[in-house]
Amino acid sequence: MKTAVFYDVKKLVVEETPLPEVPKDKVLLKVETCAICTWEQRVYTGVKKVSYPFIGGHEIAGELVKIGEAAAGTWQVGDKVVFGTNLACGHCHYCRVGEEQNCLNFDHSKQQPGLPYRGMGGLSEYLVVAPANIFSYQNVSSEEASLTEPLSCVLHSVETAEVNFGDYVLVVGAGIMGMLHLQLAQKRGAIVIVSDPNEARLKLAKQLGAAHVVNPVQEDLVEKVRAYTENLGAQIIFNTTPMSDLIPELLDILSNTGKMILYSSYYPDEPVGIKFDHIHKTGQQIIGTANSNKRDFLRAARLISQGIIDVKPFITKIYPLSQIESAFEEAVNTEAFRIIVNFEQERSEDVC
Ligand SMILES: [Zn+2]
Ligand SMILES: [Zn+2]
């Protein structure tokens with residue numbers, strides 16, 4: 001089978017690796033599509049350090065083609081599934097209480113069974129996976145289904161924020177993560193304001209239901225948010241950008257008792273000055289969120305399958321595996337939402 005392997009910064013090679021054996025408690029997933037997340041883009045550009053060789057890819061959808069005997073019954077050959085939540089250790093305190101997203105041993109470089117190198121493995125034609133980490137999907141393309149993983153992380157974020165009917169919500173950044181925050185917050189009855197310097201993205205945010213959009217390069221974000229929120233500030237702010245220096249200004253437009261959700265990872269992660277007396281007096285909360293758990297994943301797959309969340313606007317372009325370097329170049333050099341690698345377009349032969 002074919003696997004795309006990172007050998008260095010901007011050096012990605014498609015190579016032949018043996019088809020993994022399927023132990024009796026596992027299933028074999030034929031990967032149909034894998035979306036290129038910001039995480040893999042950072043590996044490609046060298047911002048995120050990994051040890052080479054490394055196999056990336058964690059936004060994965062496909063079809064089951066072999067079922068180990070101990071896994072038979074629940075799952076069948078031909079089932080369409082998404083794969084995720086396997087980076088947590090499964091046995092620490094947080095995993096055991098259902099908070100796998102904050103696992104003590106969370107490992108983005110975990111080696112997948114049957115693959116020759118470390119990494120999440122989704123840029124491989126086949127994956128051996130545990131039944132606990134697959135979730136059914138229906139009615140949509142595998143490209144759409146592969147966006148379950150990002151949606152599950154956003155679902156976790158929006159539920160952590162406890163968005164309520166009538167809340168003023170500010171979403172900072174209108175990439176795919178910002179757009180998914182907009183959609184989920186809106187489903188919970190919030191009045192959503194979206195901020196981004198890209199006019200095309202703001203236009204799409206409006207189409208997707210943003211009550212107001214702000215271009216912070218051309219407009220005064222603080223002034224606009226106050227005007228749109230009865231001078232209260234937003235009750236919830238989701239920062240989906242990697243820029244920590246925005247946080248002090250955002251705290252000025254967070255309402256009293258409001259919640260600042262730190263969704264994105266921060267690059268570079270420099271300390272910023274925050275006045276704690278302000279937090280003390282206003283009762284504001286600053287809350288981190290990262291990754292997702294099985295409960296989030298299962299429901300995210302359902303939201304996409306049932307058409308509650310439409311992810312089609314975020315599928316920018318689909319590439320076959322042989323053009324994976326072009327796919328990464330486009331992902332890192334453009335304002336693309338998601339570039340998706342489709343393995344079916346050039347699959348050589350079905351090995352199963
Ligand atoms: Zn991702
Ligand atoms: Zn754990």
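Reader: Is Glu230 buried or exposed, and what count of C-beta atoms decides that?

Author: The general idea is a neighbour count. A residue is buried if 20 or more other C-beta atoms lie within 10 Å of its own, exposed if 12 or fewer, and partly exposed in between, with C-beta atoms placed from the backbone. Glu230 has 9 other C-beta atoms within 10 Å, so Glu230 is exposed. This is a predicted model, in which local features need pLDDT of at least 70, side-chain atom pairs count only at pLDDT 80 or more, and totals for chains, interfaces and linings use all residues. Residues are numbered from 1 along each chain as its sequence is written, while chains are lettered from A and ligands numbered from 1 in the order in which they are written.

Reader: Where does Glu230 lie?

Author: Helices (H or I, at least four residues) and strands (E, at least two) are DSSP runs, numbered from the N terminus. Glu230 lies in the loop between helix 7 (221-228) and strand 11.

Reader: What is the phi of Glu230?

Author: Most residues other than glycine have a negative phi, and most peptide bonds are trans. Glu230 is not a glycine, yet its phi is positive, about 55°.

Reader: And what is the phi of Asn291?

Author: Asn291 is another residue other than glycine with a positive phi, near 65°. Asn291 sits in the loop between strand 13 (285-288) and helix 10 (294-305). Asn291 has 21 C-beta neighbours inside 10 Å, so Asn291 counts as buried.

Reader: Which residues does a cis peptide bond join?

Author: Look at omega. Tyr52 and Pro53 are joined by a cis peptide bond, with omega about -10°. Pro53 is in the loop between helix 1 (38-45) and strand 4 (59-67). A cis peptide bond also joins Tyr267 and Pro268, again with omega about -10°. Pro268 belongs to the loop between strand 12 (254-262) and helix 9 (276-282).

Reader: Now helix 5. How many residues does it have, and how far does it reach?

Author: The expected span of a helix is 1.5 Å times one less than its number of residues. Helix 5 has twelve residues and reaches 17 Å from first C-alpha to last, close to the expected 16 Å.

Reader: How many residues of helix 5 are buried?

Author: Ten of the twelve are buried, so helix 5 is mostly covered. Among the buried ones are Ile176, Met179, His181 and Ala185.

Reader: What covers the buried residues of helix 5?

Author: The cover includes helix 4 (148-161), strand 8 (168-172), strand 9, helix 6 (199-207), strand 11 (234-239) and strand 15 (338-342).

Reader: Which residues is Arg188 in contact with?

Author: Two residues are in contact if their C-beta atoms, placed from the backbone, lie within 7 Å. Leaving aside neighbours within four places in sequence, Arg188 contacts Val158, Val163 and Asn164. Arg188 and Val163 are 25 residues apart in sequence, but their C-alpha atoms are 6.4 Å apart. With 17 other C-beta atoms within 10 Å, Arg188 is partly exposed.

Reader: Which residues touch the most other members of the largest nonpolar core?

Author: In soluble globular proteins, nonpolar side chains tend to be buried together. A nonpolar core is a set of buried Ala, Val, Leu, Ile, Met, Phe, Trp, Tyr and Cys residues joined through C-beta atoms within 7 Å. Here the largest core has 98 residues, and Leu29, Val169, Ala234, Ile237 and Ile304 touch the most other members. Helix 5 gives the most to this core, with seven residues. Domain 1 and domain 2 both give residues to the core, so it lies between them. Val169 touches residues including Val163, Ala185, Val192 and Ala234, not counting those up to four places away in sequence.

Reader: Where are the bounds of domain 1 and domain 2?

Author: Domain bounds come from an automatic or database domain assignment. Domain 1 spans 2-147 + 311-346, and domain 2 spans 155-288. Their C-alpha centres lie 30 Å apart. Seven residues of domain 1 contact seven residues of domain 2.

Reader: How many helices and strands are there in the protein chain?

Author: The protein chain has eleven helices and 15 strands. Buried residues make up 46% of its 352 residues.
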